[in-house]
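This report walks through selected parts of one protein model, element by element. Keep the sequence and the 3D view open while reading.

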Amino acid sequence: MKRLFIITGELSGDAHAAAVVEQLKKFCKEIEIEAIGGMNLQKQGVKLFVDHSKMSAMGLSLKIITDHFALGRKVVNYLKNEYKPDMVLLIDYGGFNLNIAKFLKKAGMKIYYYIPPQIWASRKWRINTVKKYIDKVMTIFPFEKKMYENENIVAEFVGHPLVSQLPQKANREEFFEKYGLDKEKKLVSIFPGSRTFELKNLMSVFLGAAEIIKEKSPNTQFVISQAPSITDETFKKYFNDSQIQIIKGDNQALLSVSDALILASGTVALEAALYGTPMIISYRGPQFLYLIYKIVRCIKRVCLPNIILDKDIVPELLQKNSNPNIIAKNILHILEDENYRSEMIANLETVKNVLSTKESSKEVARIISEEI
């Protein structure tokens with residue numbers, strides 16, 4: 001019986017891995033799978049070597065570093081001396097996975113990488129590690145394939161997992177009724193981020209923009225999304241506007257029914273693009289961290305829809321441009337200029353078309369089954 005070992009490091013990677021396993025069962029009837037993962041893989045009947053819940057802790061504390069090191073040593077010894085897999089599949093979580101790949105490759109294992117680190121965005125020198133230790137990269141963006149092949153790295157574009165995993169658009173009328181929203185007013189939704197430092201840096205700016213928009217466009221209503229990773233206590237520390245409704249746990253439906261979005265940068269921008277919802281991206285942080293980012297970045301754009309099409313279709317308002325007046329001006333442009341709005345929606349549809357040529361989990365499963 002063939003053996004596969006999967007390494008993930010956080011909830012999203014666990015979900016992507018589970019989707020691959022579900023498809024893999026259709027291709028390979030005789031395969032044994034173990035993993036570092038979570039509840040999604042467990043539901044697929046995968047035996048967990050360790051639950052990864054503690055791996056996704058943020059920061060560079062000594063404890064986090066030593067815990068990762070101890071786990072890495074433990075899993076390498078297990079794979080080399082006991083499990084002896086036919087292939088190791090790494091999924092996302094580049095910091096840990098690229099490091100462990102060195103030891104696994106030296107032990108003679110075949111290593112494939114699905115959802116590789118965003119080397120194209122920053123720290124491009126990491127491509128040398130990929131070249132040395134990864135047998136095949138399965139990319140989720142089409143431009144990544146060319147980048148790897150230019151370095152003589154075997155790569156295949158498998159499609160983006162969000163395309164097949166994202167729920168259908170919500171029914172706008174039902175959604176508005178569910179949350180008591182005014183069906184006659186336009187809806188602008190605010191997504192201030194999923195980390196505490198993002199709330200600290202962005203919340204007051206986004207709320208300030210909402211005040212300006214309400215004053216200039218009274219026929220506009222607002223809701224704010226609370227990320228599941230943010231506790232109620234933490235969220236209320238930065239948000240105290242009783243006039244704006246909080247919606248928690250319904251993010252994707254909210255993205256799909258909004259007329260415009262104010263977003264912190266991240267995957268949420270890609271989700272919005274797949275729904276065809278016009279948006280602006282705004283982000284700010286300590287200036288010294290921004291200067292470091294400018295040093296290590298490889299591209300000038302930060303918003304995934306802009307990166308995918310290699311042109312500026314979504315406004316990116318960073319640092320000093322992340323202020324209430326500039327944000328409000330850009331949102332009002334979306335709401336009031338129909339030609340501009342239609343052009344942005346058409347470009348977002350192109351983003352979806354570029355990414356949706358393949359069902360990602362099915363493609364990854366096919367590649368693995370053909371190899372082992």
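Which residues of α9 are buried? They are Glu198, Leu199, Leu202, Met203, Val205, Phe206, Leu207, Ala209, Ala210, Ile212 and Ile213. Buried means under 20% relative accessible area, exposed over 50%, and partly exposed in between, with a 1.4 Å probe and protein chains only.

## About the model

This is a predicted model, in which local features need pLDDT of at least 70 and side-chain atom pairs count only at pLDDT 80 or more, while totals for chains, interfaces and linings use all residues. Residues are numbered from 1 along each chain as its sequence is written, and side-chain values use heavy atoms, with hydrogens and water left out.

## Helix α9

Helices (H or I, at least four residues) and strands (E, at least two) are DSSP runs, numbered from the N terminus. Helix α9 covers residues 196-216. The expected span of a helix is 1.5 Å times one less than its number of residues. For the 21 residues of α9 this gives 30 Å, and the end C-alpha atoms are 30 Å apart, so the two values agree.

At Leu202, α9 bends by about 45°. The bend at a residue is the angle between axes fitted to the seven residues ending there and the seven starting there.

Ser322 sits in the loop between β13 (316-318) and α15. Ser322 counts as buried because its relative accessibility is 0%. Contact means heavy atoms within 4.5 Å. Not counting residues up to four places away in sequence, Ser322 touches Leu202, Val205, Ser282, Tyr283, Arg284, Leu317 and Ile327. Leu202 and Val205 are among the buried residues of α9.

Lys136 belongs to strand β6 (residues 136-139). With a relative accessibility of 14%, Lys136 is classed as buried. Its side chain makes a polar contact with the side chain of Glu156, at 3.1 Å. A polar contact is a pair of N or O atoms within 3.5 Å; within protein, one must be able to donate a hydrogen and the other to accept it, and residues adjacent in sequence count only if both atoms are side-chain atoms. Leaving aside neighbours within four places in sequence, Lys136 is in contact with Ile111, Tyr112, Tyr113, Val154, Glu156 and Ile367.

Ile367 is one of the buried residues of α17, together with Ser360, Ser361, Glu363, Val364, Ala365, Ile368 and Ser369. Helix α17 has 12 residues (360-371), which should span 16 Å at 1.5 Å a residue; the end C-alpha atoms are 17 Å apart, which agrees.

## Aromatic pairs

How many aromatic pairs does a search of the whole structure find? The search finds 8. Rings of Phe, Tyr and Trp (its six-membered ring) pair if their centres lie within 6.5 Å; planes under 30 degrees apart count as stacked, over 60 as edge-to-face and the rest as tilted. The rings of Phe5 and Phe49 have centres 6.2 Å apart and planes at 70°, so this pair is edge-to-face. Phe5 lies in strand β1 (residues 2-7) and Phe49 in strand β3 (residues 47-51), so the pair ties together parts that are 44 residues apart in sequence. Phe5 is buried, at 0% relative accessibility.

Tyr93 and Phe96 form a tilted pair, 6.3 Å centre to centre with 50° between the planes. Both of these residues, Tyr93 and Phe96, are buried. Ring pairs also link Phe5, Phe49, Tyr78 and Tyr83 into a cluster.

## Cysteines

A disulfide is a pair of cysteine sulfur atoms within 2.5 Å. A search of the whole structure finds 0 of them. Cys28 is buried at 13% relative accessibility, and Cys303 is buried at 0%.

## Positive phi in two loops

Most residues other than glycine have a negative phi. Lys84 is not a glycine, yet has a positive phi of about 50°. Lys84 is in the loop between α3 (62-83) and β4 (87-91), and is exposed at 54% relative accessibility.

Asn152 also has a positive phi, near 60°. Asn152 is in the loop between α6 (142-149) and β7 (155-157), and is exposed, with a relative accessible area of 67%.
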